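User: I would like to go through this model step by step. Could you take my questions as they come?

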Amino acid sequence: MQCSVCYSSNRHGAIFCGTCGAMLRGQSTPSVSDGNVCQSCGSVVPIKFQFCDTCGQPLGGLGPSSKREGSAEVPVPKKLATGGQLPESFGGGRYRVMGLLGEGAKKLVYLARDTSLGRDVALAVVKSTLTGNDLIRLRREAKAMAQLSDHPNIVPVYDTGEEKGHPFIVSQYMKGGDVETLAKRSPGSRLPVSQAVGVAIQVASALEAAHRRGIIHRDVKPSNVWLSEQGVAKLGDFGLAIVQDESRITRVGIMIGTATYMSPECAAGGARVADARSDIYSLGAMLFELLAGRPPFIGDMVKVIYQQRHVPPPKLLEVVGGIDPRLSDLVDGMLAKDPNLRPQSAQQVIDALRLFV
């Protein structure tokens, strides 16, 4: 049985994908003689799986599980990539840590159980205590996402807090993983055109809602787009967002964002302020990568930033044969160096992309 989200093969009767956790159109509860034991529903699933294909809960390092060795159950260690055990809880015990979802340069993201409301959540905590601009940026992320939490394509924020001097943000747990991982698992690291365009439309819808409220994301990329268990794409991580009616917290000359998807005006790091068209450029770079299996520019950070500013991107049609020329023209236009030559709103992008679904 093939997953419609990550296209992995699953055993007959699976209800959830064992690779990405997305819901399948299952038939019956599967069984297997040996493997990982799901602590949520008690099913035994193949060792290679990261998610229980009966109830969809994380297994192994992503959640509370155990592995059978003979008749004994041996707990799976839950450790950080940098060593050490996971914390037990946050928020005065309300959020019980179940496992580690991911670790970045500044944040740790845990899978946690909200014991008050009885639901799984993603809890992002900053590694070090924050002061000044970093703390302001984190609070703005929570504020920006909270303002947009009712949008179906934006990861909703549930709560914020601080634990031993470390701020944290609690948001919806996205069982389908992120789009970057989805693409890497696909043949040639490329998504089918309809799927890539579908993701881009949903991200553009999130951007359109954010832009209407004066919020510029500034870090649109596949790893910041998450999938629900039904495969719905949601934009998250507004930590670099600018709220246009508030003062800027970055100094002139400082670049903010990820080089691979950074617009030329953001890469310049000068006085030109990012606007909605900067997010459109980043979305174009992301869509280019989902369709081509590689981003428009490749190299180390310095080289990529230089190319973003000075080198015309390759034409999508020249990189991927068989792409509709109209889709190639749209992506090429989103990657225009001059913001005035790009689509001027996310809604324009949505209207244009709908032709290819």
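This is a predicted model: local features need pLDDT of at least 70, side-chain atom pairs count only at pLDDT 80 or more; totals for chains, interfaces and linings use all residues.

User: How many helices and strands does the chain have?

Analyst: The chain contains nine helices and 14 strands.

User: And what share of the residues is buried?

Analyst: Of its 357 residues, 52% count as buried. As for the contacts in the chain with a separation of 6 or more, 55% come from residues 24 or more positions apart.

User: Turning to the sheet, in what order do the six strands lie?

Analyst: The order is β5-β6-β7-β8-β10-β9, forming an open sheet with antiparallel pairing. At the edges are β5 (89-90) and β9 (157-163), each of which pairs on one side only.

User: How many bridges link β5 and β6?

Analyst: Two bridges pair β5 with β6 (residues 95-103) in the antiparallel sense. Within that pairing, S89 has R96 in β6 as its bridge partner.

User: Which residue has a positive phi in that β5 and β6 hairpin?

Analyst: G91 does, with phi near 60°; the hairpin has four residues between the strands.

User: What about β6 and β7, how many bridges there?

Analyst: Seven bridges pair β6 with β7 (residues 107-114), again in the antiparallel sense. R96 has R113 in β7 as its bridge partner. R96 is also the partner of S89.

User: Next along, how many bridges do β7 and β8 share?

Analyst: Eight bridges hold the antiparallel pairing of β7 and β8.

User: How many residues of β8 are buried?

Analyst: Seven of its eight residues are buried, so β8 is largely enclosed by the rest of the structure.

User: And how does β8 connect to β10?

Analyst: Five bridges join β8 (residues 119-126) to β10 (residues 166-172), and the two strands run antiparallel. A124 has I169 in β10 as its bridge partner, while A122 stands opposite S171.

User: Let us change topic to helices. At what angle do α5 and α8 cross?

Analyst: The axes of α5 (residues 276-292) and α8 (residues 325-334) cross at roughly 140° and come within 8 Å. That angle makes α5 oblique to α8. The crossing is left-handed.

User: Which residues meet there?

Analyst: From α5, I280, Y281, L283, G284, L287, F288 and L291 take part, and they meet L327, V331 and M334 from α8. By class, this contact has nine nonpolar residues, one polar residue and no charged residues.

User: Now some single residues. Where is K184, and is it buried or exposed?

Analyst: K184 lies in helix α2 (residues 179-184). K184 is exposed, its relative accessible area being 59%.

User: How far apart are K184 and G293?

Analyst: In sequence, K184 and G293 are 109 residues apart, and in space the C-alpha to C-alpha distance is 8.4 Å.

User: Where does S228 sit, and what does it touch?

Analyst: S228 belongs to the loop between β12 (225-227) and β13 (233-235). Leaving aside residues up to four places away in sequence, S228 touches M174 and G176.

User: Why does S228 count as buried?

Analyst: The relative accessible area of S228 is 7%, so S228 counts as buried, the cut-off being under 20%.

User: Which residues other than glycine have a positive phi?

Analyst: S189 is one of them, with phi near 60°. R218 is another example, with a positive phi of about 70°.

User: Where are these two, S189 and R218?

Analyst: S189 is in the loop between α2 and α3 (193-212). R218 is in the loop between β11 (215-216) and β12.

User: And how accessible are S189 and R218?

Analyst: S189 is partly exposed, with a relative accessible area of 28%. R218, at 10% relative accessibility, counts as buried.

Note on methods: Residues are numbered from 1 along each chain as its sequence is written. Side-chain values use heavy atoms; hydrogens and water are left out. Two strands pair if DSSP finds at least two bridges between them. Axes are lines fitted to C-alpha atoms, for helices over the stretch in contact, and angles run from 0 to 180 degrees between N-to-C directions. Angles under 35 degrees count as roughly parallel, over 145 as roughly antiparallel, 65 to 115 as roughly perpendicular and the rest as oblique. A crossing is left-handed if the near helix is turned anticlockwise from the far one by less than a right angle, and right-handed if clockwise. Contact means heavy atoms within 4.5 Å. Ala, Val, Leu, Ile, Met, Phe, Trp, Tyr, Cys and Pro count as nonpolar, Asp, Glu, Lys and Arg as charged, and the others, Gly among them, as polar. Buried means under 20% relative accessible area, exposed over 50%, partly exposed in between (1.4 Å probe, protein chains only).
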